[in-house]
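Subject: Handing over a structure, with notes

Dear colleague,

I am passing on to you the structure below, together with its sequence.

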Amino acid sequence: MQPPDEASDISPQPPPTDPAAPDTFAAADTFAAADAPADSAEPAAPADPDVGPPLTLKEKVRRLPRKPGVYLMKDRGGQVLYIGKAKDLKNRVSSYFTNRGHSPKIAIMVSLIADFDTRTVRNETEALLLEGRLIKEWRPKFNTLFTDDKQFLQVRVDMRAELPVFRLVRNRTAETDRYFGPYPSDFAVKQTLLEMRRQFGILLADAHPECLDDGRWRLYDDARAEITTFPNIVTAAEYRARVAAACDFLEGRAREWLTDTREKMAAAAARRDYERAAALRDIIRAIEHTTQNAGRFQRGNPLPAPDQKDAIRELQTALGMDTPPRTMECFDISHISGTFVVASLVHFADGRPDKNNYRRFKIKGFVGNDDFRSMEEVVGRRYKRLLEEGRELPRLIVIDGGAGQVHAAMKAFAALGAQPPFLVGLAKREEQIIFPDGRAPLVLPRHSPALRLVQRLRDEAHRFANTYNADLRSKRIRESVLSECPGLGEKRRQVLMTHFGSLARLKKASVEEIAAVPGIGKKFAAEIAVFLQPKETEKSGL
């Protein structure tokens, strides 16, 4: 059952336990939701051929785990109608379709549901944080109570203070502070902050830190000093490292922060600063304990529209651009040990992802692992097409990489005989902005809105490239089954896959349908059909 502090006004009550309760699944069958359009020069990777026909809502609910998480209800057009959290996803989602005692508002929403998506997490705290981030991003029309930031608690961190404190507020009053939320449950977000104090050693509003004679700080002067695993007496720099970790946890960027902090820990150990290394190690353990690898489900915490505009203006000033970078594109190369080399392009408009303009590429010009050649190829292909079609180029191009990748991108424009837009690289190790004209690298403040904007752009390109890479690897693994079929060579394998489109369709084909493929014949078709049938051990589950 949902906790009693649930703030949503359309959350249904759990369904009755009566096994004879009627099944009221009446919405349409679900459809496959595409992550983003493929590069027009490259056909999108096909949907998983082993999944079969789309599942009905009833079948999807039956497959849900009994785990905490967040659910997104969608209409026929894929528009998100409502986002909620659940202690038990299966119970919670099924209650929308098995409980007839809905209020008129819930009944209207249920009638519009054509699909739903879920994200599993480890506990209710993580479900609360993810719910808040997704509501802020998607702004579903049935989450009416969540659209007014003033009604719900937010976490405010005053980054100007020497020792930033995490406070709960209902209004955004200072542009220089960082805000997280809003969160629909007052009780849950308060419990989350108490847990974060234990896990990260941060200061809450009830703290009165004391500056000692040696310049260090005593954070708490009572029993609260014993509730964390961190030292109570720290330098300001050591404490701000804890703040950065806690903010990254609230923002859903723990994995990036962990990579950066592990490098800093190793560097501290290398220069024999063991106290600093130990402090970083403790923070790493805390964030690993508190978070999970949310992968493609972590969408980040997009800024509200006014903050997006501020970030764009700040980025314009920092880069010395003549006009605000309202449209930005970022390229990333992905491969596994030099194989399955692919690239991604993501497009942001006014600081937000514009997935209609996402593209993905297979590398065509050569075989092997060469990030520079790959970058030159995909940048050239992208903007050659835009120039030929007379379309507007983005105001800013960000290359995921350092000077080598930036130089490769500039070579692509030189080959096209075109003047490039403003172009920079983002080198991940130090988050340096690399210029193509020989200027010294630019390092923006860690919590700068401009830096956060280009980081989100780069991280989205990275996610999109990795997703495409994984799709291709999965497809190759599935299709490799045919290579074990006796007498079926590479040429005829390609003919079969081209004819049927996927291994799943080939498996469902009759002998006559297989025999109709040129070069196969009825006898060999029968052998292929037998080969593709599940073995008895597979049928029995052994």
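What follows is an account of what was found, going from the whole protein to particular elements and residues.

This is a predicted model, in which local features need pLDDT of at least 70 and side-chain atom pairs count only at pLDDT 80 or more, while totals for chains, interfaces and linings use all residues. Residues are numbered from 1 along each chain as its sequence is written, and side-chain values use heavy atoms, with hydrogens and water left out.

The whole protein

The secondary structure comes to 17 helices and 17 strands, where helices (H or I, at least four residues) and strands (E, at least two) are DSSP runs numbered from the N terminus. Of the 542 residues in the protein, 48% are buried, a word that stands for under 20% relative accessible area, with exposed meaning over 50% and partly exposed in between (1.4 Å probe, protein chains only). The accessible surface of the protein is about 26700 Å², and 52% of that surface belongs to carbon and sulfur atoms; such areas come from the Shrake-Rupley method with a 1.4 Å probe, and for residues only the protein chains shown count as cover. If contacts (heavy atoms within 4.5 Å) are taken between residues at least 6 apart in sequence, 65% of them join residues at least 24 apart.

The largest nonpolar core

A nonpolar core is a set of buried Ala, Val, Leu, Ile, Met, Phe, Trp, Tyr and Cys residues joined through side-chain atoms within 4.5 Å. The largest one here has 31 residues, and V155, F166 and M196 are those with the most contacts inside it. The elements that give two or more residues to this core are the helices α4 (124-138), α5 (186-200) and α6 (236-251) and the strands β4 (153-157), β5 (165-169), β6 (178-183) and β7 (203-204); α6 gives the most, with eight residues.

Two strand pairings belong to this part of the chain, and two strands are said to pair if DSSP finds at least two bridges between them. β4 and β5 pair in the antiparallel sense over four bridges, with V155 having L168 as its bridge partner, whereas β5 and β7 pair in the parallel sense over two bridges, with V165 standing opposite L203.

The loop between β4 and β5 holds L163, which is buried with a relative accessible area of 8%. Although L163 and L203 are 40 residues apart along the chain, their C-alpha atoms are separated by 8.0 Å. Not counting residues up to four places away in sequence, L163 touches L203, P209, W217, L219, A236 and Y239.

Other strands

Three strands form an open antiparallel sheet in the order β8-β9-β10, and because β8 (210-211) and β10 (233-234) stand at the edges, each with a single partner strand, one side of each is left without a neighbour in the sheet. β8 and β9 (residues 217-218) are joined by two bridges, and E210 has R218 as its bridge partner.

In β2 (residues 80-86), seven of the seven residues are buried, and this strand pairs with β1 (residues 69-74) in the antiparallel sense over six bridges. The hairpin of β1 and β2 has five residues between the strands, and G78 there takes a positive phi near 85°.

β15 (residues 396-400) is covered on both faces, with L396, V398 and D400 buried on one side and I397 and I399 on the other. Five bridges join β15 to β16 (residues 422-427), which runs parallel to it.

S344 lies in β12 (residues 339-349) and is buried, with a relative accessible area of 0%. Its side chain reaches the backbone oxygen of A461 at 2.6 Å, and this counts as a polar contact (a pair of N or O atoms within 3.5 Å; within protein, one must be able to donate a hydrogen and the other to accept it, and residues adjacent in sequence count only if both atoms are side-chain atoms).

Helix α10

Helix α10 (residues 371-388) has 18 residues and reaches 26 Å from its first C-alpha to its last, close to the 26 Å expected at 1.5 Å a residue, the expected span being 1.5 Å times one less than the number of residues. At its start, a side-chain oxygen of D370 comes to within 3.1 Å of the backbone nitrogen of F372, and α10 is followed by G390, whose phi is positive, near 70°.

With kind regards
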